[in-house]
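Hi,

Here is the structure I promised to pass on. Have a look at it first, and my notes follow below.

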Amino acid sequence: MSEMSDDSTYDRAFILNFVKIFLPVSFFLVSCLVLLYYYSRFKLKKGQPQPRVTKHGDIFSIWNFDGRIAYEDIIEATNDFDIKYCIGTGGYGSVYRAQLPSGKVVALKKLHRLEGEVPAYDKSFRNEASILSKIRHRNIVKLYGFCLHNRCMFLVYEYMKRGSLFLVLRNEIEALELDWIKRVNVIKGIAHALSYMHHDCNPPILHRDISSNNILLNSDLDARVSDFGTARLLEPNSSNRTIMAGTYGYIAPELAFTMVVTEKCDVYSFGVVALETLMGRHPGELLQSLASASTQSIMLNDVLDARLQAPPRGMVARDVVLVATLAFACLHSKPRSRPTMLRISQEFLASRYSLTKPLQKISLSQLMNQDTYLIN
């Protein structure tokens, strides 16, 4: 009887000790497995840059080269879009500069809440996100991501340190830094971007608002076409009738009475920007006076930006004459007589011309008549 009691006491003690040891260990192991499961799901979810759709139907998608720009990082980097980080405003929305924890600097275009309630602004914002997310070209501003939510709408771009071509041309110091070689390269970059949009995209993309304000320059003064809020696809089976869009002074004249948008509208706007880049100012007065007899004897050298020394002989002078020749061709009153952006891009790539007469002796009328003194 005593032996049975001792065995029973021993069994109870063994069981109690086993429970004291086993249960905490089991609980710890189960907790680790649960934490490991949720951690793996969190990492998998965080590592996916693909867009997701919320229950409200709003699109949220933020990414960069490693797929890890976090929404919280953007809010923190701008202190919830504090005005001290604002670097400019556009037709709609404000642009902010943000440095992310990785050190990468990006630009953010944010549509403010009151603007978001305007259907036209909301449509333009979503249109820009849609188009820029589908295209890639070295002379088109890169879109890293976007947030299209009814409470917060912004686009994440590559940061362009020098700002717009418009501002650079009107800054006395920066305009001098933008010498003839750099100006020609800016114009070439715009031409290549538009050629890509018109001829390499299916369906073609029309920008509809090419202006010096919408050409951005990076730290090396390389050009990027930006602001695709009014861009549209050129559908082959559509009438392509549209409401007026664009910036005054850059809009093709035929749009005022046809209201039909074609790629030749972008071509005209490119011609204005090309001349503006050579002249250092908008060519509005020059364009209005070209038809009068008093301007027929104006020399090209007389309208070039006087803040720079005259283009030196050789390739630089040749390229300036070529740009001016193509610019005037783009400004032809008849859309069908304007060259395509593909042809313009190819002319810049060919570099097969030689200048047979000094730039100082070439008049605007000769350029307009395609008598450029450029030979193969």
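This is a predicted model: local features need pLDDT of at least 70, side-chain atom pairs count only at pLDDT 80 or more; totals for chains, interfaces and linings use all residues.

For the protein chain as a whole, the mean pLDDT is 82, and 74% of the residues reach 70 or more.

On the overall layout, the protein chain has 14 helices and 14 strands. It runs to 376 residues, and 44% of them count as buried. If you look at contacts between residues at least 6 apart in sequence, 61% join residues at least 24 apart. The accessible surface is about 20,700 Å², with carbon and sulfur atoms accounting for 57% of that.

Now the inside. In soluble globular proteins, nonpolar side chains tend to be buried together. Here the largest nonpolar core has 82 residues, and the members that touch the most others are Ile135, Ile190, Phe228, Phe270, Leu300 and Phe348. Which helix gives the most to this core? That is helix H12, residues 315-330, with 11 residues.

Ile190 is a handy place to start clicking around. Leaving out residues up to four places away in sequence, Ile190 touches Ile215, Ala223, Val225, Phe270 and Val273. Phe270 is also on the list of core members with the most contacts to other members.

There is a second, separate core too, made up of 14 residues. Among them are Ile74, Phe81, Tyr144 and Cys147.

Cheers

How values were computed. Residues are numbered from 1 along each chain as its sequence is written. Side-chain values use heavy atoms; hydrogens and water are left out. Helices (H or I, at least four residues) and strands (E, at least two) are DSSP runs, numbered from the N terminus. Buried means under 20% relative accessible area, exposed over 50%, partly exposed in between (1.4 Å probe, protein chains only). Contact means heavy atoms within 4.5 Å. Accessible areas come from the Shrake-Rupley method with a 1.4 Å probe; for residues, only the protein chains shown count as cover. A nonpolar core is a set of buried Ala, Val, Leu, Ile, Met, Phe, Trp, Tyr and Cys residues joined through side-chain atoms within 4.5 Å. pLDDT is the predictor's confidence in each residue, from 0 to 100.
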